[in-house]
Structure formats: structure tokens, C-alpha cells
Amino acid sequence: MAVKVLGDEHPGEVRFAELKRRMPGISQKMLAQTLRSLERDSLVDRRVEPTSPPKVHYRLTELGESLTEPIAALRDWAESHMARIDAAGQAWDAVRQGSEPRADA
């Protein structure tokens with residue numbers, strides 16, 4: 001999701017707080033760990049403005065930008081198969097719990 005949000009702004013930057021706002025449900029800790037990992041892998045560049053408090057900006061590198069198209073394809077695939085994936089998960093859960101799958105699945 002972070003790559004998608006940054007890709008939407010490429011070649012521009014996005015501040016940490018804005019990334020967090022655009023990624024509902026992610027904790028500050030998980031977002032920081034994700035960005036650190038992406039930076040380590042040279043997919044994201046980080047820029048810190050020496051203000052008080054510091055303003056931290058992120059942008060995709062050229063390598064990170066090359067990842068946006070495959071991620072979009074994966075997202076499209078997941079969205080088009082979501083009903084089948086959900087049904088399979090419910091069926092699997094039902095077997096593991098000793099009950100029948102829901103009829104609406």
C-alpha cells in the first residue's frame with residue numbers, strides 16, 4: 001500500500017503523516033517499519049527537513065517506481081478474485097471448526 005500511495009505522487013514526495021492518513025488502519029509503528037524496509041531495499045528515498053519537529057518526506061526511487069505496475073496488476077487480480085478467495089477461506093475455516101460453510105459464500 002505504501003508503494004501505491006507513493007506511486008500516486010511520483011515523482012513527488014509524501015510526508016509521513018500524509019502516508020499514514022492515506023493508509024487507514026496502519027499503525028505508526030508498522031508504517032515506520034515498512035518505510036524503513038523499503039528504504040533499506042532502495043525502493044524509497046527519505047528526506048528529513050531540520051525543523052522542530054522534523055518533517056520527514058518519502059518518495060519512490062527509480063527502482064521503486066518500477067514496482068508500481070506489477071503491484072497494480074496484483075491488486076487488480078486480487079479484486080477480481082476476492083469473492084472466490086473469501087469463499088475458499090470460509091470453507092477452510094468451516095472444515096477446521098467442524099461446521100458447514102455458509103450458504104451465502
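Helices (H or I, at least four residues) and strands (E, at least two) are DSSP runs, numbered from the N terminus. The structure is a predicted model, in which local features need pLDDT of at least 70, side-chain atom pairs count only at pLDDT 80 or more, and totals for chains, interfaces and linings use all residues. Residues are numbered from 1 along each chain as its sequence is written, and side-chain values use heavy atoms, with hydrogens and water left out.

Helix H3 spans residues 28-40 and comprises 13 residues. Its first and last C-alpha atoms are 18 Å apart, close to the 18 Å expected at 1.5 Å a residue, the expected span being 1.5 Å times one less than the number of residues. Leu 31, Leu 35 and Leu 38 of H3 are buried (under 20% relative accessible area, with exposed over 50% and partly exposed in between; 1.4 Å probe, protein chains only). The buried residues of H3 line one face of the helix, because they fall within an arc of 60 degrees when seen down its axis; the arc is that of the directions from the helix axis to the C-beta atoms. Lys 29, Arg 36 and Arg 40 are exposed on the face turned away from the buried side.

Just after H3, Ser 42 adopts a positive phi of about 65 degrees. The backbone oxygen of Ser 42 lies 2.6 Å from a polar atom of the Thr 61 side chain. Thr 61 is located in the loop between S3 and helix H4 (62-65) and counts as buried because its relative accessibility is 11%. A polar atom of the Thr 61 side chain also lies 3.0 Å from the backbone nitrogen of Gly 64.

Definitions and conventions: A polar contact is a pair of N or O atoms within 3.5 Å; within protein, one must be able to donate a hydrogen and the other to accept it, and residues adjacent in sequence count only if both atoms are side-chain atoms.
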